[in-house]
Amino acid sequence: MIDEEVKQIVEEFIKKTSRLLPDNFETEDLLEDLKSHIYEGFKHKQQIRPSESPDLLVQEILKELGTPEEIAEEYGQERVQDVNTEKDDDRFQYYLVRLVAAFIVAVIAAWVVSSVTEGAVEFYFAVIVLMGFAVIEWFVRAKQTGES
Amino acid sequence: MQKGPNFEDTWRIEIRRGLLQYAVLAIVKRHEEGIHGYGIAKELEERTDGLLQVKEGTLYPILHRLRKERLLNVHTEKSESGPSKKVYVLTGEGDRVYRHLTVLVGDIFEKLEGLKSD
């Protein structure tokens with residue numbers, strides 16, 4: 001059984017770490033891993049030293065785990081290696097396909113909007129607006145995932 | 001003037017980073033049924049006499065990278081002590097890479113031994 005005080009310490013640590021990492025699915029996964037590691041370590045230490053204070057045990061685990069800053073730094077290093085190993089050709093192809101797909105979707109959507117409004121919304125105007133939204137969405141997503 | 005880390009410390013950090021990925025593959029390889037992150041961290045500390053010991057939290061970005069490279073696979077197990085835990089296993093590709101790296105590491109140390117002056 002894990003008491004509330006321990007849970008609070010763990011949550012505080014996870015929150016502090018999450019603030020230093022990009023907001024994406026990979027980070028959520030990493031934070032789940034860290035949380036699971038802490039509870040696993042806590043269980044292990046409690047079995048060995050059952051009379052020890054839970055606070056002390058959890059602090060010991062957090063010390064072994066490293067500071068949120070150290071974890072974020074390692075995460076950043078791994079991401080840099082990741083980006084460096086990506087092939088430029090693949091990246092170019094990926095962006096081209098994404099751009100063409102966004103354009104096709106914008107044209108179809110603009111045609112639908114223009115037809116439904118019986119020409120009140122001009123087709124070319126709708127294409128430009130929708131492409132604008134696609135570009136904004138692209139930037140927002142790139143910022144969220146830390147993509148360059 | 002602020003003094004940065006000395007040459008040996010920087011070199012140790014760099015070489016450890018590369019070897020750590022290999023060591024993680026080696027530990028996971030030893031556990032065909034799979035091993036969780038906490039187990040990897042403990043084994044890394046015990047089996048390398050602390051030489052490759054790391055702050056345990058910094059192991060997870062490495063595990064994520066190895067998963068991304070498809071060298072490790074993961075499945076989740078329910079845990080009584082908290083959130084479900086991930087169990088890491090070596091993929092077929094991971095096994096191939098591990099065997100290749102083992103030969104490479106052996107070769108490198110053999111050649112380095114030969115470089116040492118008598």
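I started with A:Phe123, which is partly exposed at a relative accessible area of 24%. For accessibility I used a 1.4 Å probe on protein chains only, with buried under 20% relative accessible area, exposed over 50% and partly exposed in between. This is a predicted model, so I kept local features to pLDDT of at least 70 and side-chain atom pairs to pLDDT 80 or more, while totals for chains, interfaces and linings use all residues. Residues are numbered from 1 along each chain as its sequence is written, chains are lettered from A and ligands numbered from 1 in the order written, and side-chain values use heavy atoms, without hydrogens and water.

**Aromatic pairs**

I searched the whole structure and found three aromatic pairs over all chains. One of them joins A:Phe123 and A:Tyr124, whose ring centres are 5.2 Å apart with planes at 75°, so I logged the pair as edge-to-face. My rule pairs rings of Phe, Tyr and Trp (its six-membered ring) with centres within 6.5 Å; planes under 30 degrees apart are stacked, over 60 edge-to-face, and the rest tilted. A:Tyr124 is exposed, at 60% relative accessibility.

Next I looked at B:Tyr22 and B:Tyr98, a stacked pair with 5.5 Å centre to centre and 15° between the planes. This pair links distant parts of chain B: B:Tyr22 is in helix α1 (residues 7–30) and B:Tyr98 in helix α4 (residues 92–115), 76 residues apart. Helices (H or I, at least four residues) and strands (E, at least two) are DSSP runs numbered from the N terminus. Both B:Tyr22 and B:Tyr98 are buried.

**Where chain B meets chain A**

I then turned to the contact (heavy atoms within 4.5 Å), which takes 28 residues from chain B and 28 residues from chain A. Across this interface I noted seven salt bridges, taking a side-chain nitrogen of Lys or Arg within 4 Å of a carboxyl oxygen of Asp or Glu. A:Glu26 forms a salt bridge with B:Lys68, their closest N and O atoms being 3.5 Å apart.

Which elements give two or more residues to the side of chain B that touches chain A? I listed α1, α2 (37–47), α3 (59–68) and β3 (85–90) of chain B. Of these, α3(B) gives the most, with seven residues.

**A closer look at α3(B)**

Is this helix mostly covered or mostly open? I found it mostly covered, with eight of its 10 residues buried. Among the buried residues are B:Leu59, B:Tyr60, B:Pro61 and B:Ile62. Just after α3(B), I noted a positive phi of about 65° at B:Arg70.
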